[in-house]
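Take a look at the structure below. This short report walks through a few of its local features.

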Amino acid sequence: MIAPRFKPNFASAFGLSSNLFVRCARIPSQNIIQMARSALDEMSDSGAFLRTASTFRNFILRDPSSQFPAESGRYHLYISYACPWASRCLAYLKIKGLDKAISFTSVKPRWERTKESDEHMGWVFPSSDTEEPGAVPDSLNGAKSIRELYELASTNYSGKFTVPVLWDKKLKTIVNNESSEIIRMFNTEFNHIAENAALDLYPPHLQTCIDETNEWIYDAINNGVYKCGFARKQGPYDEAVKKLFDALDKCEEILGKQRYMCGNTLSETDIRLFVTLIRFDEVYVVHFKCNQKQLHEYPNILNYTKDIYQVPGMSSTVHMEQIKRHYYGSHPTINPFGIIPHGPNIDYSSPHDRERFS
Ligand SMILES: N[C@@H](CCC(=O)N[C@@H](CS)C(=O)NCC(=O)O)C(=O)O
């Protein structure tokens, strides 16, 4: 049996079961809510994966008098190329033409010990520019890990140390660590400095479709693959797999009638769906046991994934080697020896048939 990734000593001191403790334990005498410290610990008693909500939820606004005004050069996006949630945000930086106004850096793909003093495993920065292609040391704050950024931003933070992190260089704090909100800010609030300001991925006439579609796609697909992969009992896994493939069948049908998920215009929903689809055959099929069908067995979804990959800027957000090294190498409860499967190496830059809808 493999030990939990992070077990602070005071869990047992307060007589809490580790399962309860890591999910969300209230310690009455001190009124502390202790949250899960890693996705691997977010487990209900029934063995189902339960994702906890992000904590930093401030908004950058175009209004210069706001606490976090949209200014060029002020914000930094910390990502991992491996992470689908962070990759959504990076995709927005690229396709909205914001990557000169908002800087970004990536951590190393494999989780490592974040401190000598405990067992937490998480995102760390390389120690030099050459250690890891695509990752660089943290020149802004000199942090060794993403965990240190959370500790700089808050002295009593007790949640997970996740990417993405949208960092304010001026106030030296985390503005927001929730990708679904970060992409909304990038879509609208920086248009006075965005190189591709005309691209609106959340236009008023599509908002109802986008919100409704995001909801079932998040539950069944984006988060659904994690529910399959992190389930610790057969029942929750069976349920998640069924939901996942029902939802993929539904996508296949929709994409047989139109180019994108909300009509013939690229929208937020497509970027959110893409980051999961691009990882599907290479990782989720094997690592998260999502193997009822592979994506390349869905012709519309496969061609749609290629179509979005070929949107200018998108391919630079996909580092498949880092994606595979992260998943297969960072979850020892699922893949104890960290072996990385070779296939299937799909070429997403090959021709697709989606122009038939335009
Ligand atoms: N709700 C967050 C989820 C972010 C998230 O779960 N990121 C993962 C990487 S894909 C992470 O950093 N996990 C660290 C951990 O579980 O310790 C968002 O969408 O921004």
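## A hairpin and its turn

Strands E7 and E8 form a hairpin, with four residues between them, and Lys 172 in the turn has a positive phi of about 50°. This is a predicted model, in which local features need pLDDT of at least 70, side-chain atom pairs count only at pLDDT 80 or more, and totals for chains, interfaces and linings use all residues. Residues are numbered from 1 along each chain as its sequence is written, and side-chain values use heavy atoms, leaving out hydrogens and water.

Helices (H or I, at least four residues) and strands (E, at least two) are DSSP runs, numbered from the N terminus. Two strands pair if DSSP finds at least two bridges between them. E7 covers residues 165-168 and E8 covers residues 173-176; they pair in the antiparallel sense over three bridges. Leu 166 has Asn 176 in E8 as its bridge partner.

Most residues other than glycine have a negative phi, and most peptide bonds are trans. Buried means under 20% relative accessible area, exposed over 50%, and partly exposed in between (1.4 Å probe, protein chains only).

| Residue | Phi | Relative accessibility |
|---|---|---|
| Lys 172 | about 50° | 48%, partly exposed |
| Lys 289 | about 60° | 43%, partly exposed |

Lys 172 lies in the loop between E7 and E8. Lys 289 is in the loop between H9 and helix H10 (299-309).

Now for the peptide bonds. The bond from Val 163 to Pro 164 is cis, with omega near 5°. Pro 164 sits in the loop between helix H4 (146-153) and E7. The bond from Gly 343 to Pro 344 is also cis, with omega near -10°. Pro 344 belongs to the segment after H11.

## A kinked helix

Helix H9 spans residues 268-287, 20 residues in total, and reaches 27 Å from its first C-alpha to its last. That is close to the expected 28 Å, where the expected span is 1.5 Å times one less than the number of residues. H9 has a kink of about 80°, centred on Phe 280. The bend at a residue is the angle between axes fitted to the seven residues ending there and the seven starting there. H9 is mostly covered, with 19 of its 20 residues buried.

Contact means heavy atoms within 4.5 Å. Ile 217 lies in helix H6 (residues 207-222). Ile 217 is buried, at 1% relative accessible area. Beyond its neighbours within four places in sequence, Ile 217 is in contact with Asn 222, Met 261, Thr 269 and Leu 273. Ile 217 and Ala 247 are 30 residues apart in sequence, yet 7.1 Å apart in space, C-alpha to C-alpha.

Gln 322 is in helix H11 (residues 320-330). Gln 322 is buried too, with a relative accessible area of 2%. Not counting residues up to four places away in sequence, Gln 322 touches several residues, among them Tyr 81, Ser 106 and Glu 132.

## Around the ligand

The ligand is surrounded by 19 residues, each with a heavy atom within 4 Å of it. The closest are Ala 39, Cys 83, Trp 123, Glu 178 and Ser 179. A polar contact is a pair of N or O atoms within 3.5 Å. A polar side-chain atom of Trp 123 is 2.7 Å from a ligand oxygen atom. For Arg 51, a side-chain N or O atom lies 2.9 Å from an oxygen atom of the ligand. Asn 177 uses a polar backbone atom, 3.3 Å from a ligand oxygen atom.

Methods:
Polar contact = N/O pair within 3.5 Å; in protein donor to acceptor, adjacent residues only side chain to side chain.
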